[in-house]
Amino acid sequence: MTKTIAILPGDGIGPEIIAEAIKVLEILKKSFGLKVQLEQGLIGGAAIDATGHPLPAETLKLAKESDAVLLGSVGGPKWEPLNIAIRPEKGLLGLRSELKLFANLRPALLFPELVNASTLKPEIVEGLDILIVRELTGGIYFGQPRGIRILDNGERQSFNTLVYRESEIERIARVAFESAEKRQKRLCSVDKANVLEATEFWREIVTQVGKDYPNVQLSHMYVDNAAMQLVRAPKQFDVMVTTNMFGDILSDLASQLTGSIGMLPSASLDANNKGMYEPIHGSAPDIAGQNIANPLATILSLAMLLRYSLNQLELATTIENAVSQVLRDGLRTPDIQEEGQKAVTTQEMGDAVVTALQQA
Ligand code: NAD
């Protein structure tokens with residue numbers, strides 16, 4: 001059956017990197033028998049310019065009706081003076097909450113060819129392959145009440161609320177255990193159970209869910225230690241699962257272990273594995289329009305889309321192998337370029353992946 005992918009290029013380098021992912025999709029259709037229909041939509045600043053809203057109703061409808069969403073990136077200085085309620089980023093947050101994408105999967109995988117691109121010593125990061133599973137629609141980022149109030153003595157006080165329902169913890173824990181089952185079967189749940197009751201509860205529920213996954217070795221770690229361990233000895237981790245805010249911080253930290261933000265994909269999934277896939281980086285306004293952005297994070301996001309939402313496991317691996325191949329062949333966009341290496345353009349990198357796929 002033909003599946004539909006909503007393609008939302010967005011702003012800045014978004015359209016350039018998405019164009020390369022589309023090339024890959026076209027070759028998968030032509031030479032690998034993939035049956036997909038691509039439908040483009042507006043999001044972010046591009047949508048504001050065209051319709052006045054960062055998430056137009058047609059885009060939301062398209063995303064809801066599609067089997068998966070592939071997104072470039074949103075935002076840029078042009079839209080920063082706008083009221084926060086209608087900024088480009090609201091389009092992205094709106095999509096995440098409307099599609100109920102509660103599970104954010106961020107692999108931090110170091111391609112062996114890029115071992116020198118990391119700021120950490122090669123022996124610390126060589127072979128690194130971590131998956132961070134972050135809860136995306138709950139916790140302190142969404143908890144009520146929130147705001148700023150005036151106390152009896154007239155002083156202002158700000159507050160946010162860290163809340164998790166048992167069902168919210170259970171469903172993200174299951175995603176993490178199931179991911180671990182397909183990998184090295186080790187799961188580290190990260191919390192601050194020594195200080196925060198809400199995360200003591202998190203630990204209790206994750207432990208309870210773990211009884212259904214006897215093959216997975218579960219451990220728990222406080223978030224401050226986890227941050228330290230990620231830099232000290234990151235290879236001890238296989239899958240990590242954590243709350244919305246801790247995951248936000250730790251996944252950015254982990255991404256940097258691998259050297260370039262231009263290499264890392266992400267998936268945000270709902271309860272039925274429908275998902276939105278996007279590179280972890282932003283719209284990079286400083287390099288937009290120059291044909292120098294690295295399209296590999298977007299192409300690897302497409303591989304995740306095929307794996308998780310279209311169940312095309314072999315094709316996903318084929319794309320990942322093609323990316324490895326072009327790196328082995330020495331192709332480098334400027335962000336991953338080392339001394340003495342010639343840089344290629346965004347389009348040349350995309351073309352090289354297509355060629356590697358044709359030879360696969
Ligand atoms: P950014 O990720 O856009 O850029 C950070 C740095 O990384 C820049 O120097 C940029 O040139 C470089 N970079 C990013 N992607 C690259 C790629 N594919 N190839 C080569 N280099 C790359 O972060 P920022 O500068 O903090 O944010 C810029 C805009 O993007 C802001 O408007 C921000 O709100 C938005 N943003 C959007 C998303 C998203 O769409 N998911 C995520 C983060 C930031």
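Buried area is the accessible area (1.4 Å probe) that two parts lose on being put together, summed over both. By that definition, domain 1 and domain 2 bury about 1,500 Å² between them. Carbon and sulfur atoms carry 70% of it. The model is predicted, so local features need pLDDT of at least 70, side-chain atom pairs count only at pLDDT 80 or more, and totals for chains, interfaces and linings use all residues. Residues are numbered from 1 along each chain as its sequence is written, and side-chain values use heavy atoms, with hydrogens and water left out.

**Domains**
- Domain 1 covers 1–102 + 270–360, and domain 2 covers 104–260; such bounds come from an automatic or database domain assignment.
- Their centres, taken over C-alpha atoms, lie 24 Å apart.
- Domain 1 puts 16 residues into the contact and domain 2 puts in 18 (heavy atoms within 4.5 Å).

**Domain 1 side**
- Phe-102, Ile-280 and Glu-338 supply 41% of the area that domain 1 buries against domain 2, more than any other three residues.

- The domains share 1 salt bridge (a side-chain nitrogen of Lys or Arg within 4 Å of a carboxyl oxygen of Asp or Glu).
- Glu-113 and Arg-328 form a salt bridge through their side chains, at 3.9 Å from N to O.

**Elements facing domain 2**
- On the side of domain 1 that touches domain 2, α10 (296–308) and α11 (313–328) are the elements that give two or more residues; helices are DSSP runs (H or I, at least four residues), numbered from the N terminus.
- α11 gives the most, with 5 residues.
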